[in-house]
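Here is a short briefing to read alongside the coordinates. It goes from the overall layout to individual side-chain pairs.

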Amino acid sequence: MSTWMRIQFFAFFFTWATFISDWAPIFTERGFDSSRVGLAITVSLVTRALAVVLLFPLVNRFVPLGTMLKALPWLCLAGALAFLPHTGFTALVVLSAVFGVLYPTAMPALETTASLGAQRGSLVYGPTRMWGSAGFIVGAGVDGAVQQLFGTPALLLVFIGGIAAMAVTALLPLGDAQVAAQRSGSLGSWGPLFTRPVFVLALAVSVLVQSSHAAYYTFGTLHAARLGAAPVVVAALLIIAPLGELVVFRVTGSFAERWSLAALMGTAVAGSVVRWVLWALVPSVPLLLVSQVLHGLTFGMLQVGFVQTLRRQVSPGLVAPAQGLYNALGTGVGTAVMTVIAGHWFDSSPLLAFAAMIACALAAVPLTLALARRERVDGADHSPLSVM
């Protein structure tokens with residue numbers, strides 16, 4: 001199972017590098033202004049949030065996880081191919097809405113599978129997930145070379161090629177029949193997720209830390225360019241971050257199960273505060289480059305902490321909706337809200353935009369302390385939730 005997951009993580013995040021960094025430029029090149037491209041992306045964020053929190057676990061109630069994992073990449077490939085013809089703005093919005101349902105759903109589907117595999121001892125999460133970081137690094141490097149040689153429009157072909165590779169390799173055997181057969185519980189069975197204070201607190205911390213990345217994701221490269229960074233330096237800025245992730249995912253296999261959830265997530269919170277303070281107060285390209293290694297804590301350690309939360313607190317039948325909540329609230333709704341806040345201030349004052357990210361990360365501090373207290377109260381009781 002570990003080999004299958006490594007291949008899928010690598011292939012998905014290879015394409016994610018294009019989707020995160022170059023999706024807007026691809027369609028700007030077609031003559032759409034930034035406001036229209038931004039609206040299309042916002043629509044896809046909304047449909048993405050609805051898909052990962054509702055549609056994914058609901059479909060998984062009727063369709064086994066293994067079947068979903070084989071079918072979803074082919075649906076994503078069909079959606080990606082639909083972007084090849086040049087269309088008008090209305091068609092772009094419609095395609096973005098549909099694609100927002102399909103493609104980003106692959107992330108919680110893969111994370112759910114990896115979490116279930118970790119619960120069953122079929123894989124170790126960190127060393128397996130680091131292949132996703134490696135895929136992102138390779139994807140960013142390939143994108144840079146292709147853009148330099150053939151121009152921005154060619155990046156869509158790279159993206160489609162990556163999705164095709166993901167679809168073909170998904171047909172290989174998963175390697176764990178019980179995980180492949182897993183289905184999520186009904187809507188009525190989700191209630192126990194909110195009766196465990198440890199899970200609720202860990203989810204809240206995760207949402208705040210994930211949301212604090214909004215200014216970086218949307219305006220990070222623009223901020224570096226305005227500070228005088230050359231294009232090659234901006235590319236390095238994007239590559240250093242997943243390198244930090246890769247290191248964290250590689251080393252956490254040796255201690256993640258021994259650390260408390262509060263320790264894992266507290267490390268992510270502390271890294272976030274330090275990182276955004278540097279981005280807000282030190283407008284220096286060399287220091288921003290150095291600060292990118294903190295992505296290993298702000299994203300990587302947080303991811304490890306939440307997977308440990310699922311392993312210790314959530315039964316297999318509730319992992320899909322729990323993972324859906326994590327993605328919908330953190331990288332979906334929360335990031336969208338903080339993007340609006342950052343966008344309001346960024347042009348007039350990057351300091352204020354990143355100060356908002358600091359405030360978001362700081363809001364997670366009391367929740368992390370509460371998580372530590374609750375873990376002490378619960379003691380050694382890490383029994384997972386039962387599915388009704």
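How far apart do the C-alpha centres of domain 1 and domain 2 lie? In this predicted model, they are 20 Å apart.

**Domains**
- The domain assignment of the protein chain gives residues 1-181 as domain 1 and 190-376 as domain 2.
- Their contact takes 29 residues from domain 1 and 29 residues from domain 2.

**Helix α15**
- Helix α15 covers residues 295-313, and its 19 residues should span 27 Å at 1.5 Å a residue, which agrees with the 26 Å between its end C-alpha atoms.
- Most of α15 is covered, with 17 of its 19 residues buried.

**Salt bridges**
- Glutamate 257 and arginine 311 form a salt bridge, with their closest N and O atoms 2.6 Å apart.
- Glutamate 257 sits in the loop between α12 and α13 while arginine 311 belongs to helix α15, so this pair ties together parts 54 residues apart in sequence.
- Arginine 120 meets aspartate 176 at 2.9 Å, N to O, and the pair links distant parts of the chain, 56 residues apart.
- Aspartate 176 is buried at 6% relative accessibility, whereas arginine 120 is partly exposed at 42%.
- Aspartate 378 and arginine 374 form a salt bridge at 3.4 Å; being 4 residues apart in helix α18, they are separated by about one helical turn.

**Nonpolar surface patch**
- Leu329, Val333, Val337, Ile341, Trp345 and Leu352 form a nonpolar surface patch with about 450 Å² of accessible area together.
- Helix α16 supplies the largest share, 5 residues.
- Isoleucine 341 is in α16 and counts as partly exposed, at 30% relative accessibility.

Key: Residues are numbered from 1 along each chain as its sequence is written. This is a predicted model: local features need pLDDT of at least 70, side-chain atom pairs count only at pLDDT 80 or more; totals for chains, interfaces and linings use all residues. Side-chain values use heavy atoms; hydrogens and water are left out. Helices (H or I, at least four residues) and strands (E, at least two) are DSSP runs, numbered from the N terminus. The expected span of a helix is 1.5 Å times one less than its number of residues. Buried means under 20% relative accessible area, exposed over 50%, partly exposed in between (1.4 Å probe, protein chains only). Patches are made of residues with over 30% relative accessible area and no salt bridge: like charges are joined within 9 Å, nonpolar side chains (Val, Leu, Ile, Met, Phe, Trp, Tyr) within 5 Å. Accessible areas come from the Shrake-Rupley method with a 1.4 Å probe; for residues, only the protein chains shown count as cover. A salt bridge is a side-chain nitrogen of Lys or Arg within 4 Å of a carboxyl oxygen of Asp or Glu. Domain bounds come from an automatic or database domain assignment. Contact means heavy atoms within 4.5 Å.
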